[in-house]
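Dear colleague,

I am passing on the structure we spoke about, together with my notes on it. Please look through the sequence and the fold before you read on.

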Amino acid sequence: IWVNLNAQINVTNNQSAANLVDILVGQGVITLNPVLVCPEVANGKFELAPLGTTNLGIDSGIILTSGTAAGVAGANVGAGPSQDNNAPGDPQLDAVLQSLPGFANVSTLDRCVLEFDFVPAGDTVKFDYVFGSSEYLGFSCTVFNDIFGFFISGPGIAGVQNIAVIPGTNIPIMVNST
């Protein structure tokens, strides 16, 4: 018996900072100074495959991962062997993590960071993101804790704010968020 199968998304890893920013922002936004601090295998772009479907809520975008971007397209049915990207951790995420009870001495690993400046045409910006982790099944309630930060600063914002939080709270987006 032959069965035709289609991938849900197509992933192309190893994108430039400028290309990732161009994919991320829409019309009416001026972008400057894109910087990518991320291994080549850990970043990429994705789009819905022909005849593919996902429950992501978005059909194209960028991938920044602590593992491999190409691995995002495949099935993940458990906390199997690690696909770490082997980059060092990130000081901003360390500060977020270490501010939480039980994580005072825990540091991050496997960073993948995209930074850029932007000037919107209006007074509002919107970013849609999806957080996922292979650590949910095998590492929940442990010190192994994938974490996501979306840091923003600028006029009208006090300091640098992490806006990647559970809505209505100040709880950061991570495996152990409750």
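In what follows, a residue is called exposed when its relative accessible area is over 50%, buried when that area is under 20%, and partly exposed in between. Please also keep in mind that this is a predicted model.

By these terms aspartate 128 is exposed, and lysine 126 is exposed as well. These two residues form a salt bridge with each other, in which the closest N and O atoms lie 3.9 Å apart, and the structure holds 1 salt bridge in total.

As general background, nonpolar side chains in soluble globular proteins tend to be buried together.

Helix α2 itself has four named residues in the buried class, Leu93, Asp94, Val96 and Leu97. Because these residues cover an arc of only 165° around the axis, they are on the same side of α2. The cover over the buried residues of α2 includes strands β6 (147-148), β7 (151-154), β8 (157-162) and β9 (173-174).

Leucine 36, which is placed in strand β2, is counted as partly exposed because its relative accessibility is 22%. Leaving out residues up to four places away in sequence, leucine 36 touches Gln15, Ser16, Ala17, Leu20, Asn43, Leu64, Val113 and Leu114. Between leucine 36 and isoleucine 147 there are 18 Å in space from C-alpha to C-alpha, and the two are 111 residues apart in sequence.

On the surface, Ile30, Leu32 and Val119 form a nonpolar patch whose accessible area is about 260 Å² together. Valine 119 is part of strand β5 and is partly exposed, with a relative accessible area of 44%.

Some residues in loops may also be worth a look in the viewer. Glycine 102 lies in the loop between α2 and β5 and counts as exposed, since its relative accessibility is 66%. Although glycine 102 and valine 143 are 41 residues apart in sequence, their C-alpha atoms are 8.1 Å apart in space. Threonine 142, from the loop between α3 (135-139) and β6, has its C-alpha atom 9.5 Å from that of glycine 102, with 40 residues of separation along the chain. Threonine 142 is partly exposed at 28% relative accessibility, and, neighbours within four places in sequence set aside, threonine 142 is in contact with Phe103 and Asn176.

Finally, there are backbone angles to mention. Most residues other than glycine have a negative phi. Asparagine 86, however, has a phi near 65°, a positive value in a residue other than glycine, and aspartate 110 also has a positive phi, near 60°. Asparagine 86 is located in the loop between β4 and α2, while aspartate 110 is located in the loop between α2 and β5. Is each of these residues buried or exposed? Asparagine 86 counts as exposed because its relative accessibility is 68%, whereas aspartate 110, at 11%, counts as buried.

With kind regards

Key:
Residues numbered from 1 in each chain as written. Predicted model: local features only at pLDDT ≥ 70, side-chain atom pairs only at ≥ 80, totals over all residues. Heavy atoms only, no water. Patch = residues over 30% accessible without salt bridge, like charges linked within 9 Å, V, L, I, M, F, W, Y side chains within 5 Å. Areas by Shrake-Rupley, 256 points an atom, 1.4 Å probe, with all protein chains shown as cover. Salt bridge = Lys/Arg side-chain N within 4 Å of Asp/Glu carboxyl O. Helix = DSSP H or I, 4+ residues; strand = E, 2+ residues; numbered from the N terminus. Buried < 20%, exposed > 50% of the residue type's maximum accessible area, 1.4 Å probe, protein only. Arc of directions from axis to C-beta. Contact = heavy atoms within 4.5 Å.
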